[in-house]
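Biologist: Please take a close look at the loops for me. Then show me what lies around them.

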Amino acid sequence: MKLRDLIGGAVAALLLGAGAALAAEPVLTVAERKVADEKAVFATVESISVVPARARIGGTVIALKVREGDSVTRGQEIATIGDDKLTLQMNSLDAQIQALQAQASQAQIDYDRTSGLVERGTLPRTKLDEARTALNVADNNLRAKTAERAVVQQQFKEGQVLAPDDGRVLKKMITVGSVVLQGDPIVTVAQQHYKLRLRVPERHARFLKQGDRIRVDGAEAGDAAAKFGTIDLVYPQIEDGRVVADATVDGLGQYFVGDRLRVWISGGERPAFVIPSHYIKTDFGIDYVQLGAPGQTVAVPVQRGREHPTPDMPDGLEILSGLRDGDKLVQP
C-alpha cells in the first residue's frame, strides 16, 4: 500500500506540474490592426554636409597627416604648408629687432646721462626733451617691428590646415610637395551626422510626410533585427520624377557615405492580422497555429504573408488567411 501511495503521489505531482506549465504558456488574442502598406525604395547614406578643409596661406605642402576614411575632430591638424619666404622674412625681422633693441638701449643711456646733466645745470632742458623724444621713437620702432614679427609668426601657424568639423575624410585633393594657393581645398570632410536620402516615385508623394516611420532591413547591416527611423524633411521639389526626403536612423555611422540601402516606406494603410512569428509551427511545409486554451488546443493551418516587424514586435508576421478576429493563440 505504501508503494502504491508513493506512485500515486508522484503521478499527481507530474500532472500538477504539467498543468502549471500549460497554464504558464502565453496566450495571444488575435486582433485586426491597421498596418502600413509598405513599399520598398532605395536610399543612400549621405552626410548632412561635406565641407572642405582649405589652406590659409600659399606655399608647398610639406606634411599630410590623414588618409581617405580617417576620422577627424574639429581643430585637428590635417596638413602642414610651408613657405620659404616666411622664413626669410622672419630672419630679416629678427635682425631688425636686434638693431632696434640696441638703438633703444642707447637712447635710454643718452636720456639718463642728459637727465643728470640737466639736473646739475650743465645742459639746457631742451636737450632733455630731445633725449626723451629719441627714446620714445626708439621704443615705438621696436614695438612696431615686434608686432610685424608676430604677424609673420601667425602666418607660420596658419600653415597648419585644421579640420573644420568632426567627421570623416572623404577625399584628398593634394599630395605632399603640391603647391597650393590661399583658399585651395586640401581635403573634404563629411560631417559625422549621417542621414538617409530617399528618392521616392512621385506617385507615392501624397503618402510621404514628415514624421513617418521607415524601416531598414537588418540584412543590409548584417543584423537580424531591422532598424527604424523617422522622416524629418520632405523636399518640395520633384527631381526626375522622384520626391526627395531625408530620414534619421540611428547607427548610420557604420555605413559608407553613398552606400545604397533598401528602405521600406508607408504607401498607405490597410487592415491585417499580424502575429509574432514564434507562434507559428511548420510541419511538412505547412504553417500551423495553435488555437484554443492551454491544454486544449487545435492546430489550424494558416497562410503567412510578408514580414511586418515593429519596435514592439520585432518578429511580426502578417497572416493572410486562417485567423479571425478574437482567436486565441497558444505558443507551440
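Modeller: We need one term to begin with. A residue is exposed if its relative accessible area is over 50%, buried if that area is under 20%, and partly exposed in between. Keep in mind that this is a predicted model.

Start with phenylalanine 284. This residue sits in the loop between strand E16 (281-283) and E17. Its relative accessibility is 88%, so phenylalanine 284 counts as exposed. Its backbone is worth a look too. Phi of phenylalanine 284 is positive, near 55 degrees, and this residue is not a glycine. Most residues other than glycine have a negative phi.

Aspartate 240 also has a positive phi without being a glycine, with a value near 55 degrees. Find aspartate 240 in the loop that links strand E13 (227-239) to strand E14 (242-249). Is aspartate 240 buried or exposed? Its relative accessible area is 80%, so aspartate 240 is exposed.

Next comes E17, residues 286-293, which pairs with strand E18, residues 296-307. The two strands are antiparallel and share 7 bridges. In one of these pairings, tyrosine 288 has proline 301 of E18 as its bridge partner. The hairpin of E17 and E18 leaves 2 residues between the strands. In this hairpin, glycine 295 has a positive phi near 90 degrees.

E18 also pairs with strand E19, residues 316-321. This pairing is antiparallel too, with 3 bridges. Here glutamate 307 faces leucine 317 of E19.

The loop between E18 and E19 holds threonine 310. Is threonine 310 buried or exposed? It is buried, because its relative accessibility is 14%, and the buried class takes in values under 20%. Which residues does threonine 310 touch, beyond those up to four places away in sequence? They are Arg213 and Phe228. Arginine 213 lies 97 residues from threonine 310 in sequence. In space, their C-alpha atoms are 10.0 Å apart.

Alanine 55 is another buried loop residue. Look for alanine 55 between E3 and strand E4 (59-64). Its relative accessibility is 3%, so alanine 55 counts as buried. Beyond its neighbours within four places, alanine 55 contacts Ile81, Val161, Val180, Leu181, Gln182, Gly183, Asp184 and Ile186. Compare its place in sequence with its place in space. Valine 187 is 132 residues from alanine 55 along the chain, yet their C-alpha atoms are 9.7 Å apart.

Serine 178 belongs to the loop between strand E8 (167-172) and strand E9 (179-180). Why is serine 178 called buried? Its relative accessibility is 19%, and the limit for buried is under 20%. The side chain of serine 178 has a polar atom 2.9 Å from the backbone oxygen of threonine 175. Setting aside neighbours within four places, serine 178 contacts Gly59, Thr60 and Val61.

Now look at the sheet around these loops. Its 4 strands follow the order E3-E10-E8-E5, with antiparallel pairing, and the sheet is open. Strand E3 (50-54) and strand E5 (71-72) are the edges, each pairing on one side only. Within the sheet, E8 and strand E10 (residues 185-191) run antiparallel and are joined by 5 bridges. Arginine 168 has alanine 190 of E10 as its bridge partner. In a regular strand, side chains alternate between the two faces of the sheet.

Next, a helix. Buried residues of H2 include Leu86, Met90, Leu93, Ile97, Leu100, Ala104 and Ala107. The buried residues of H2 pack against helix H3 (125-157).

Last, the rings. How many aromatic pairs does the structure hold? The count is 0.

Conventions. Residues are numbered from 1 along each chain as its sequence is written. This is a predicted model: local features need pLDDT of at least 70, side-chain atom pairs count only at pLDDT 80 or more; totals for chains, interfaces and linings use all residues. Side-chain values use heavy atoms; hydrogens and water are left out. Buried means under 20% relative accessible area, exposed over 50%, partly exposed in between (1.4 Å probe, protein chains only). A polar contact is a pair of N or O atoms within 3.5 Å; within protein, one must be able to donate a hydrogen and the other to accept it, and residues adjacent in sequence count only if both atoms are side-chain atoms. Contact means heavy atoms within 4.5 Å. Two strands pair if DSSP finds at least two bridges between them. Rings of Phe, Tyr and Trp (its six-membered ring) pair if their centres lie within 6.5 Å; planes under 30 degrees apart count as stacked, over 60 as edge-to-face and the rest as tilted.
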